[in-house]
Amino acid sequence: MIYNLGSINADLFYALPHLPQPGETLASQSFSRGLGGKGANMSVAAARAGARCAHIGAVGADGAWAVQRLMEYGVDTRLIRTSEEATGHALILVDAAGENAIVLFPGANRALSEMDLALALSEATAADIFLCQNETNLQLEGAERASALGMRVAYAAAPFDAEAVRAVLPLLDLLVLNEVEARQLEAATGRAADTLPVRDVVITLGAKGCRWHNTDTGATQDFAAPKVTPVDTTGAGDTFTGYLLAGLDRGMPMAQAIGLAQKAGALMVTRHGTADVIPDLKEVQAFTP
Ligand code: ADP
Ligand code: NA
């Protein structure tokens, strides 16, 4: 089973003729609300991939719909707490040319307590996987607890924060980063990501696929991505990570889990949207680019 300590956001999209100037009041031409947050995306991907995935996180009193939607996608939502804080949200302003401006409010995502975490992991065992990223608080505490339980500890280094990743690094069994994050990590640590003391490092390279380094064997393996015509690359990395961990949780060897994750990531870039359009296992397996 996968325990995912992760963010849950409301993505609030406003279509505008232009981005607002200081002091300007603008009427939006349209509004839509989607489920987002890197954590929620990964939980949805893992659940759609067929894994048992319990999401550890929090929403505000205004977030019941988000929990409901996670549940509909197959995520175990029993460990999501209702917080005094507002649900995390992203205010996404999009102008006529497709340019955007985003305001991100972490809210409940950063208001988890150590007690929440302890309760959430109280039934976890060494057979389970712990996953986190950098949009909540308590990643380090979570990784410490999970590591002490003998769980496999995985971290997606996004959004990138040098201090956060440095702190959690010694506890990790698996690190997933994209190309930009890998460069940022190298700049911060002075070491290439695939020379870090983490058993498995997976660097995603967008249309170029991904690279896996295994510290036990010292081997680095490159995987080409399926060829597709991208229309929207948001959510590709989160979908990749959720599928990768679902594969590993099912006992797949890394190379096979990567193959599955790449198909899911490629399918994702052919779709507009994020959590709400993450493909299920049947679609991914049937997908022939
Ligand atoms: P992020 O969204 O975190 O920046 P990437 O862009 O590296 O992550 O994408 C994650 C994975 O999704 C890639 O390793 C690849 O498998 C798949 N993917 C992303 N973009 C494409 C693309 N244009 N064509 C095919 N696969 C893609
Ligand atoms: Na997409």
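Where is the place of Ala 10, in terms of strands? The points below pick that up, then move on to the rest.

1. **Ground rules.** This is a predicted model, in which local features need pLDDT of at least 70, side-chain atom pairs count only at pLDDT 80 or more, and totals for chains, interfaces and linings use all residues. Residues are numbered from 1 along each chain as its sequence is written, while chains are lettered from A and ligands numbered from 1 in the order in which they are written.

2. **Ala 10.** To settle the opening question, Ala 10 sits in strand β2, residues 9-15; strands here are DSSP runs of E with at least two residues, helices are runs of H or I with at least four, and both are numbered from the N terminus. Ala 10 counts as buried because it has 24 C-beta neighbours inside 10 Å. (Buried takes 20 or more other C-beta atoms within 10 Å of a residue's own, exposed 12 or fewer, partly exposed in between, with C-beta atoms placed from the backbone.) Beyond its neighbours within four places in sequence, Ala 10 is in contact with Arg 33, Ala 66, Thr 87 and His 89, contact being C-beta atoms, placed from the backbone, within 7 Å.

3. **Glu 135.** You'll find Glu 135 in the loop between β8 (129-132) and α4 (139-148). Glu 135 also counts as buried, because 24 C-beta neighbours fall inside 10 Å. Again skipping neighbours within four places in sequence, its contacts include Gly 37, Lys 38 and Gly 39.

4. **The UniProt record.** An unreviewed UniProt entry puts the feature "binding site" at positions that include Ala 10, Gly 37, Lys 38, Gly 39, Glu 135 and Asp 238. Keep in mind that such annotations may be inferred rather than shown by experiment.

5. **Ligand 1.** There are 19 residues around ligand 1, and Thr 204, Ala 207, Ala 225, Gly 237 and Gly 265 come nearest; to be near, a residue needs its C-beta atom, placed from the backbone, within 6 Å of the molecule. Helices α7 (236-249) and α8 (254-269) each supply at least two residues of the shell, with α8 giving the largest share, 4 residues. By type, the shell has 11 nonpolar, 8 polar and no charged residues (Ala, Val, Leu, Ile, Met, Phe, Trp, Tyr, Cys and Pro are nonpolar, Asp, Glu, Lys and Arg charged, the others, Gly among them, polar).

6. **Overall fold.** The protein has 9 helices and 13 strands. Buried residues make up 44% of its 289 residues. Among contacts between residues at least 6 apart in sequence, 65% join residues at least 24 apart. The C-alpha atoms fill a box of roughly 60 × 45 × 40 Å along the principal axes.

Technical notes: Contact = placed C-beta atoms within 7 Å.
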